[in-house]
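Here is a short briefing to read alongside the structure. Please keep the sequence and the 3D view open as you go through the points.

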Amino acid sequence: MFSKEESKKLRQQFWTSFGIVYRTKWILYDTKQKEIQLKFTFNRKFAQVSLDVIDPDELVRAYYFEKLLSLKQILRNEYLPEAVFEESYELPEGKAISRVYVQLDGVNIHNRQQWPEVMKFLNEHMFQLEAFFEEYRDYLSA
């Protein structure tokens, strides 16, 4: 078991290492659309790459999620075959968002031996998710 401080230090080391190994300028929060973010998640249970619709208004989230659903076959056929679509995804802090994601289960940020596998997963899948987002950005923002 790790203390809070040790866990924080390991998380910082992982993300610093990831940034060094994969020197990429990711879009992430800079999508130019306040309702949409691209996100990396890595915790003690899984690693995840996601496109999040974060607007607090349920109707706005539903609008964007419907647009994403209309692109589901394209996303799965051309970019991320294992993409999961969740209209109501609850974050650990209790906030509801809509999320499209790919996930690698059974990995733990505290296990350094898994870091290379997770870094590769995050890099490859975010590359695909960003390519999809860039291709359909105009449609999603309309």
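In this predicted model, strands β3 and β4 (residues 96-105) run antiparallel and are joined by five bridges. Within that pair, V84 stands opposite Y101 of β4.

- The β3 and β4 pair belongs to an open sheet of four strands, whose order is β1-β2-β4-β3 and whose pairing is antiparallel.
- At the edges lie β1 (36-42) and β3 (84-90), each of which pairs on one side only.
- From one strand to the next, the twist averages 30°.

**Pairings of β2**
- On one side, β2 runs antiparallel to β1, and seven bridges join the two.
- F40 is a handy place to look in this pairing, as it stands opposite V49 in β2.
- The strands β1 and β2 form a hairpin, with three residues between them.
- Eight bridges join β2 to β4, and these two strands also run antiparallel.

**How β2 is covered**
- How many of the residues of β2 are buried? The count is eight of eight, and the strand is described as mostly covered.
- In a regular strand, side chains alternate between the two faces of the sheet.
- For β2, one side carries F46, Q48, S50 and D52, while the other carries A47, V49, L51 and V53.
- Both of these faces are covered, with all of the listed residues buried.

**Helix α4 on the sheet**
- Helix α4 (residues 115-141) packs on the sheet and touches β1, β2 (46-53) and β4.
- The direction of α4 makes about 15° with that of β2.

**Helix α1 against helix α4**
- Helix α1 (residues 4-21) packs with α4 at an angle of about 55°, and their axes are 11 Å apart.
- The crossing of α1 and α4 is right-handed.
- From α1, the residues in the contact are L10, Q13, F14, W15, S17, F18 and V21.
- Their counterparts in α4 are W115, V118, M119, L122 and N123.
- Sorted by type, the residues of this contact comprise nine nonpolar, three polar and no charged.

- Leaving aside residues up to four places away in sequence, D105 touches K45 and F46.
- D105 and L122 are 17 residues apart along the chain, and their C-alpha atoms are separated by 12 Å.

**Q114, between β4 and α4**
- Where is Q114 found? Look for Q114 in the loop between β4 and α4.
- Q114 has a relative accessibility of 17%, which is under the 20% cut-off, so it counts as buried.
- Again leaving aside residues up to four places away in sequence, Q114 touches G106, V107 and N108.

How values were computed. Residues numbered from 1 in each chain as written. Predicted model: local features only at pLDDT ≥ 70, side-chain atom pairs only at ≥ 80, totals over all residues. Heavy atoms only, no water. Pairing = 2+ DSSP bridges. Axes fitted to C-alpha atoms, helices over the stretch in contact; angles between N-to-C directions. Contact = heavy atoms within 4.5 Å. Buried < 20%, exposed > 50% of the residue type's maximum accessible area, 1.4 Å probe, protein only. Left-handed = near helix turned anticlockwise from the far one by under 90°. Nonpolar A, V, L, I, M, F, W, Y, C, P; charged D, E, K, R; others polar.
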